[in-house]
Amino acid sequence: MNPDVPTRIPFARAQEIVAAVAQAHAMPVERRPLSRALGWVLAEDLVSTLALPGFDNSAMDGFALRSDDGATPRRLVGEQFAGPSQAFTLAPGECVRITTGAVLPTGADAVLMKENALVEADTVTPTQAAKAGQHVRRKAEDVAVGDTVLVAGTVLDASKLSLAAALGQHDLPVRRRPTVAVFTTGDELRAPGQPLAPGEIYDSNRVLLQALLIAEGYEPVAWPVLPDDPEAIAGALKDAAFSFDLVLTCGGVSVGEKDFLPAFLEREGQVHFWKVLMRPGMPVLFGRLGEAHFLGLPGNPVSVLATFLTLARPLLDTLQGRAQPRRPLRARLTADVSKSHDRLEFLRGVLACDAQGQLLVTPNPADGSHRLLAAAQSNALVVLAEGAGQWAAGTLMDVLPYAALDASR
Ligand code: AMP
Ligand code: MG
């Protein structure tokens with residue numbers, strides 16, 4: 001490998017390079033209907049051209065009236081339901097039957113709940129006086145015209161989409177989602193469901209990567225396993241590099257006789273870095289191939305999990321201009337942890353919230369990067385800082401959740 005290629009770089013440097021490359025390749029903006037925009041990243045600020053509520057209206061089913069009439073019986077002069085405005089104007093001593101969300105008649109300043117009214121023919125007697133402003137939702141008390149209600153870089157979730165809908169938006173400008181091609185590599189791999197010959201193992205990373213991507217709303221396209229054959233690898237990857245935004249591989253990035261990817265990427269594309277001082281995941285390879293970003297994750301399953309969460313996901317986030325970084329949570333260790341090596345480590349652990357509302361993380365001692373069971377029994381990566389060290393039970397640690405927190409744990 002060319003000596004100019006950054007190698008064995010600190011993890012923080014790798015993250016910086018990923019961020020800089022992604023910022024330089026922001027995905028194009030397109031408009032998407034709200035019904036198809038869940039999880040997409042907003043590309044421009046949304047400035048309201050409407051007030052919310054758009055008019056003074058009732059927060060209750062009952063009777064719109066003038067509070068200055070006191071507790072006296074009122075004459076029922078009409079009905080205003082949610083829908084077209086009847087344009088009522090209330091004179092003193094009058095009231096109008098009203099439903100939630102209906103326009104408040106001019107002159108009315110309060111709504112008497114149905115439950116607090118005695119109705120006889122066309123007379124309504126309050127059982128308690130209505131105070132001024134009671135059960136009235138004022139025009140623009142939620143959003144005023146000209147308010148910036150969502151900022152560029154926001155991930156659109158259900159409540160944000162509904163806010164945009166309430167403001168009359170049919171579609172929103174979003175950054176196009178990167179398309180992702182997934183490759184697993186290795187002569188030893190068989191698809192689950194097929195018989196295994198001696199020395200073979202099942203390809204577990206394929207579904208791991210697919211699931212990690214699908215969970216983020218991507219639609220990954222996965223190839224059949226690539227053999228450890230430089231020509232087969234080159235053919236498939238070069239093809240994908242012209243049709244996808246990201247080519248994501250696993251395996252074949254280390255220094256073994258069958259690890260062809262670093263030399264291939266150097267020859268056919270560009271290497272941004274190879275090998276990061278992290279564990280697991282050290283041999284990770286990042287660069288560019290054809291029209292695509294190229295991220296070569298190591299083969300060990302737990303390395304795939306750690307490098308996906310800490311490098312691939314931030315790459316995809318930043319390509320879409322996502323503003324909120326996914327910062328680690330802070331949780332207290334329930335047991336002592338130590339490490340003797342210098343690299344940043346992502347240990348697996350179970351993150352839970354105790355009855356006092358405190359986040360606790362229980363590290364799993366099975367730290368090998370092939371220990372899939374430990375990963376499956378855990379729900380978070382515990383970050384052990386660079387340098388050898390010991391962390392006593394009770395220490396506050398950074399943790400990156402990768403599965404739902406289960407309060408019952
Ligand atoms: P490699 O980086 O290709 O040398 O792979 C490192 C380790 O991960 C080896 O033990 C491989 O057998 C294993 N491995 C590579 N790819 C996969 C995969 N797709 N599924 C499960 N294990 C894999
Ligand atoms: Mg391999």
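This is a predicted model: local features need pLDDT of at least 70, side-chain atom pairs count only at pLDDT 80 or more; totals for chains, interfaces and linings use all residues.
**Exercise 1.** What separation do the C-alpha atoms of R327 and E94 have?

*Solution.* Along the chain, R327 and E94 are 233 residues apart.

**Exercise 2.** Characterise the packing of helix 4 and helix 5 by angle, handedness and contact residues.

*Solution.* First, the geometry: helix 4 (residues 230–240) packs with helix 5 (residues 261–268) at about 55 degrees, and the axes are 11 Å apart. Roughly parallel requires an angle under 35 degrees, and roughly perpendicular 65 to 115. Helix 4 and helix 5 are therefore oblique to each other. The crossing of the two helices is right-handed. Helix 4 makes the contact through I233, A234, L237 and K238, and helix 5 through L261, F264 and E268. Sorted by class, the residues of this contact comprise five nonpolar and two charged, with no polar residue.

**Exercise 3.** Classify C95 and C250 as buried or exposed, and state how many disulfides a search of the whole structure finds.

*Solution.* A residue is buried under 20% relative accessible area. C95 has 0% relative accessibility and so counts as buried. C250, at 2%, therefore also counts as buried. As for disulfides, the search of the whole structure finds zero.

Definitions and conventions:
Residues are numbered from 1 along each chain as its sequence is written. Chains are lettered from A and ligands numbered from 1 in the order in which they are written. Side-chain values use heavy atoms; hydrogens and water are left out. A disulfide is a pair of cysteine sulfur atoms within 2.5 Å. Buried means under 20% relative accessible area, exposed over 50%, partly exposed in between (1.4 Å probe, protein chains only). Axes are lines fitted to C-alpha atoms, for helices over the stretch in contact, and angles run from 0 to 180 degrees between N-to-C directions. Helices (H or I, at least four residues) and strands (E, at least two) are DSSP runs, numbered from the N terminus. Angles under 35 degrees count as roughly parallel, over 145 as roughly antiparallel, 65 to 115 as roughly perpendicular and the rest as oblique. A crossing is left-handed if the near helix is turned anticlockwise from the far one by less than a right angle, and right-handed if clockwise. Contact means heavy atoms within 4.5 Å. Ala, Val, Leu, Ile, Met, Phe, Trp, Tyr, Cys and Pro count as nonpolar, Asp, Glu, Lys and Arg as charged, and the others, Gly among them, as polar.
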